[in-house]
Amino acid sequence: MGFKSESDDTCASLALTENRFLDEYFRKDSRGKITMLLSEFYAIPEKLQGSRDILRMDVICERDYQRSRMDDGVRVQTSHLSDTTGNEAIHNVMLEEAILSGDIGKVVRDIESGKIFQYRLRQIESLKNDFAFVQGFIRMLPTRDRLLLEEYHRCCGDRHQIEELADNYELQLHSLYVRIGRIRLKITDMALPGFDRRYGGNAA
């Protein structure tokens, strides 16, 4: 199943750094999500890693903030919030591994905003799965269409490179755009039923 938004508006918490890309993505309906994935295709892996990095720092900052509010006499031996440098390093390694595994529940269970961080990680994991899903349909395209689309994506919107690509395929620039549009529409039509199953056809 796809990611479903929380009903308690947890994204509004100050503990969660604004991530406009994720927020925009999960406001869109199924077709809008696919369009966004295709238009940002080669940037998605970096956006996923950037989102993980931001989440990791959010958790660390929130943990430090929570610890700063605690009086020394109130801290208990069983707390996962430790003052020692060694334990801090271990915690950060565990946090990194947990984010990569897609489950930070145990790592943030002693943090007041733990559920908020789990919410964001579910968004990241859903985006990763959606991207892989769309990649699968790209791989299923006829070879000529797949190669053209991949080369077009690698141009990253650079007009000069796109013009060179059009020349290589003996196409007018307008014809290249039309062809890319048709290929993307084909991918969208193939992927849309799966997105509708994941998201119910509505914005998440």
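These legends walk through several close-up views of one predicted model.

Because it is a prediction, local features need pLDDT of at least 70 and side-chain atom pairs count only at pLDDT 80 or more, while totals for chains, interfaces and linings use all residues. Residues are numbered from 1 along each chain as its sequence is written, and side-chain values use heavy atoms, with hydrogens and water left out.

**View 1. The nonpolar core and F117.**
The largest nonpolar core has 51 residues, and F117 and I187 have the most contacts inside it. A nonpolar core here is a set of buried Ala, Val, Leu, Ile, Met, Phe, Trp, Tyr and Cys residues joined through side-chain atoms within 4.5 Å. "Buried" means under 20% relative accessible area, "exposed" means over 50%, and "partly exposed" is in between (1.4 Å probe, protein chains only). Helices α1 (20–25), α2 (30–39), α3, α4 (85–101), α5 (114–139), α6, α7 and α8 each supply at least two residues of this core, with α5 giving the most, 10 residues. Helices (H or I, at least four residues) and strands (E, at least two) are DSSP runs, numbered from the N terminus. Leaving aside neighbours within four places in sequence, F117 is in contact (heavy atoms within 4.5 Å) with A15, L16, L55, D58, V59, E62, I104, V108 and I111. In soluble globular proteins, nonpolar side chains tend to be buried together.

**View 2. S51, a serine tucked into helix α3.**
S51 is found in helix α3 (residues 44–68). With a relative accessible area of 5%, S51 is buried. What does the side chain of S51 make a polar contact with? Its partner is the side chain of N19, at 2.9 Å. A polar contact is a pair of N or O atoms within 3.5 Å; within protein, one must be able to donate a hydrogen and the other to accept it, and residues adjacent in sequence count only if both atoms are side-chain atoms. Not counting residues up to four places away in sequence, S51 touches N19, L22 and I124.

The model has 11 salt bridges, where a side-chain nitrogen of Lys or Arg lies within 4 Å of a carboxyl oxygen of Asp or Glu. Take K186 and D145, whose side chains meet at 3.3 Å, N to O. This pair links distant parts of the chain: K186 is in helix α8 (residues 173–199) and D145 is in helix α6 (residues 143–154), 41 residues apart. K186 is partly exposed at 36%, whereas D145 is buried at 13%. E163 and R159 also meet in a salt bridge, at 3.2 Å. These two sit 4 residues apart in helix α7 (residues 159–168), so about one helical turn separates them. E24 and K28 make another salt bridge, with their closest N and O atoms 3.8 Å apart; E24 is partly exposed at 35%, and K28 is partly exposed at 27%. Finally, D53, R56 and E96 are linked in a network of salt bridges.

Rings of Phe, Tyr and Trp (its six-membered ring) pair if their centres lie within 6.5 Å; planes under 30 degrees apart count as stacked, over 60 as edge-to-face and the rest as tilted. Y25 and F26 have ring centres 5.0 Å apart and planes at 85°, so this pair is edge-to-face. Y25 is buried at 0%, and F26 is buried at 3%. F41 and Y42 are edge-to-face too, with centres 5.5 Å apart and planes at 75°. Here F41 is buried at 9%, but Y42 is partly exposed at 36%. Elsewhere, F133, F137, F195 and Y199 form one aromatic cluster. K33 lies over the face of Y25, 5.6 Å from the ring centre, and its charged end also sits over the ring of Y199, 4.5 Å from the centre. For a charge to sit over a ring, NZ of Lys or CZ of Arg must be within 6 Å of the ring centre and within 35 degrees of the ring normal.

**View 3. Two loop residues with positive phi.**
Most residues other than glycine have a negative phi. C156 has a positive phi near 50° and is found in the loop between α6 and α7. With a relative accessible area of 63%, C156 is exposed. E170 has a positive phi of about 55° although it is not a glycine. E170 lies in the loop between α7 and α8 and is exposed at 74%.
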